[in-house]
Amino acid sequence: MTDILIVDDEKDIRELIADILKDEGFATRMAANSDDCMEAINSEAPALMILDIWLKDSRMDGIDILKTVKRDNPDIPIIIISGHGNIEIAVAAIKQGAYDFIEKPFNIDQLMVVISRAMETSRLRRENSSLRRRDLHSGEMLGNSVAFRKLKDQLDKVTKSNGRIMLTGEPGSGKETAARYIHQHSNRAAAPFVTVNSASIAPERMEEVLFGRETSERGIEKGLLEQAHGGVIYFDEVAEMPLGTQSKILRVLTDQQFLRVGGSDKVRVDLRVVSSTTRDLGAEIAAGRFRQELYDRLNVVPIPVPSLAERREDVPLLSEHFIEAFNRTQGLPLRELSEDAMAMMQTMEWPGNIRQLRNVIERVLILGEGTGPIEARELPGDSAPAEEGRIVLGGQLATLPLREARELFEREYLLTQINRFGGNISRTANFVGMERSALHRKLKSLGVVTQTKAGARVATLDGTEDDF
């Protein structure tokens, strides 16, 4: 949306307006009839239209075009011009959504004032719409861990390009937040960000939802692809997309155009595509459930999103962020995290990742006791809390002699603490109350080693390392 479309059946008028606008620095396109006009709009929506009411040798007059454009492209400001102007025509045009009405022969200065105002109004509307979208769905990235910094560095490298991105990672790890971060820091930030929740759309409705439809009863209904024109389309859980739809999406990625369901006119779109999946797409391709060609198109830049287990250092920061957000949006208590609660949360299992952490924080704030610091006993666990000062033995630990049980406990305890602190031995030693050299000796005796995984240091047992 960078140019002005001039629609008038008189060639001299079209060219006069175009020359004036070019002198003022605007790019222009011209159309002599309704067919040329609609073809130009479907090819690429203009920033503004100057439209004559009376068009000779056209299927549609100016009012009909105005109605159609305002139905399908409501954000395009339209200035009506006419040599047969009267108050009834002006009122009809304004009621149908025209920005203004100018009678021929028009004053050039008046025309430029109206154009400038219309363009500014359109720009402000787009900015307001963008701000509302940002408020509803934040792309804010938070973290200090090595794994997080590696992710953010990769995202920053791809924001300004139009390359297609494939985000992979566990459920709830923040793939959509990463996609929104790409959008909000790209050249398309003022344009739409549209999510396609592939897993939640019934297969028989997928094509109508994506491509839209045309019926005589309801006219044109835009699909998600058309709604995302100029911006980013995010295919969440792309592996859930039906095979038949996959082939049509592949065609859209190739041609940047498609037909609405029931339609005959091609719709051209300008889209950047970001996809995500929790599945192994290689296995899905081998099983015949995902098209190799589509995978090759979508997987131009693969970016893995780390799980919360790989960035335990970020748990306190994320928790504080959620506490502040729930206080701001729901009025829940603005509580701090106690040291024991913070330590427990960093060592808990988070199969639902950041989404699960957010839910736990919300539950604690709703059911919590008072407004003081959040204590470890308020956090959810797998069993009832033990009496104060006691540890409940269970599983293998309860069946071992003291020496072996102590060794097993020390090994698991130190593995947990090292991973909690992102492989930082100095911070681990400080927390557990040991000299760094003594901790190194203890780790060696217990068979605990550290290695790099996803850009971060993690602790494992000697001889059980994975190949990285």
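Visitor: What share of the 468 residues in the protein chain is buried?

Guide: In this predicted model, buried residues make up 44% of the 468 residues in the protein chain. The chain has 18 helices and 16 strands. Its accessible surface comes to about 24500 Å², and 48% of that area belongs to carbon and sulfur atoms.

Visitor: How do you know which contacts in the protein chain link residues 24 or more positions apart, and what percentage do they account for?

Guide: Two residues are in contact when they have heavy atoms within 4.5 Å. Among the contacts with a separation of 6 or more, 68% are accounted for by residues 24 or more positions apart.

Visitor: Why is Asp52 called buried?

Guide: The word buried requires a relative accessible area under 20%. Asp52 has 2%, and therefore it is buried. Its place is in strand 3, residues 48-52. Leaving aside neighbours within four places in sequence, Asp52 is in contact with Val7, Asp8, Asp9, Gly62, Ile81, Ser82 and Lys104.

Visitor: What does UniProt list for Asp52?

Guide: The UniProt record, an unreviewed entry, lists Asp52 for "modified residue: 4-aspartylphosphate". Such annotations may be inferred rather than shown by experiment.

Visitor: Why does Ile418 count as buried?

Guide: The cut-off is again under 20%. Ile418 has 0% relative accessibility, so it counts as buried. This residue lies in helix 16, residues 402-420. Apart from neighbours within four places in sequence, its contacts include Gly423, Asn424, Leu443 and Ala459. Ile418 and Ala459 are 41 residues apart in sequence, while their C-alpha atoms are 6.3 Å apart in space.

Visitor: Is Phe193 buried or exposed, and how do you know?

Guide: Exposed would require over 50%, and buried requires under 20%. With a relative accessible area of 9%, Phe193 is therefore buried. Phe193 lies in strand 7, residues 193-197. From Phe193 to Gln227 there are 34 residues in sequence and 8.9 Å in space, C-alpha to C-alpha.

Visitor: How many cavities of 30 Å³ or more does a search of the whole structure find?

Guide: The search finds 2 cavities of that kind.

Visitor: What makes a residue part of the lining of the second largest cavity, and which residues line it?

Guide: A lining residue has an atom within 4 Å of a point of the cavity. For the second largest cavity, these residues are Leu225, Ile233, Phe235, Ile249, Val252, Leu253, Gln256, Leu271 and Val273. Strand 10 (232-236) and helix 10 (243-255) are the elements that give two or more residues to this lining. The largest share, 3 residues, comes from helix 10.

Visitor: How do the residues of this lining divide into nonpolar, polar and charged?

Guide: The lining has 8 nonpolar residues, 1 polar residue and no charged ones.

Visitor: Why does Gln256 count as partly exposed?

Guide: Partly exposed covers the range between the buried and exposed limits, 20% and 50%. Gln256 has 21% relative accessibility, so it counts as partly exposed. Gln256 is found in the loop between helix 10 and strand 11 (257-259). Its phi is near 60°, a positive value in a residue other than glycine.

Visitor: Why does Glu237 count as buried?

Guide: Glu237 has 15% relative accessibility, and therefore it counts as buried, the limit being under 20%. Glu237 lies in the loop between strand 10 and helix 10. Although Glu237 is not a glycine, it has a positive phi of about 55°.

Definitions and conventions:
Residues are numbered from 1 along each chain as its sequence is written. This is a predicted model: local features need pLDDT of at least 70, side-chain atom pairs count only at pLDDT 80 or more; totals for chains, interfaces and linings use all residues. Side-chain values use heavy atoms; hydrogens and water are left out. On a 1 Å grid over the protein atoms alone, a cavity is a set of points where a 1.4 Å probe fits but cannot get out, and a pocket is an open set with protein on both sides within 12 Å along at least five of seven lines; lining residues have an atom within 4 Å of a point. Grid points are joined across faces, edges and corners, and a volume is the space filled by probe spheres set on the points. Helices (H or I, at least four residues) and strands (E, at least two) are DSSP runs, numbered from the N terminus. Ala, Val, Leu, Ile, Met, Phe, Trp, Tyr, Cys and Pro count as nonpolar, Asp, Glu, Lys and Arg as charged, and the others, Gly among them, as polar. Buried means under 20% relative accessible area, exposed over 50%, partly exposed in between (1.4 Å probe, protein chains only). Accessible areas come from the Shrake-Rupley method with a 1.4 Å probe; for residues, only the protein chains shown count as cover.
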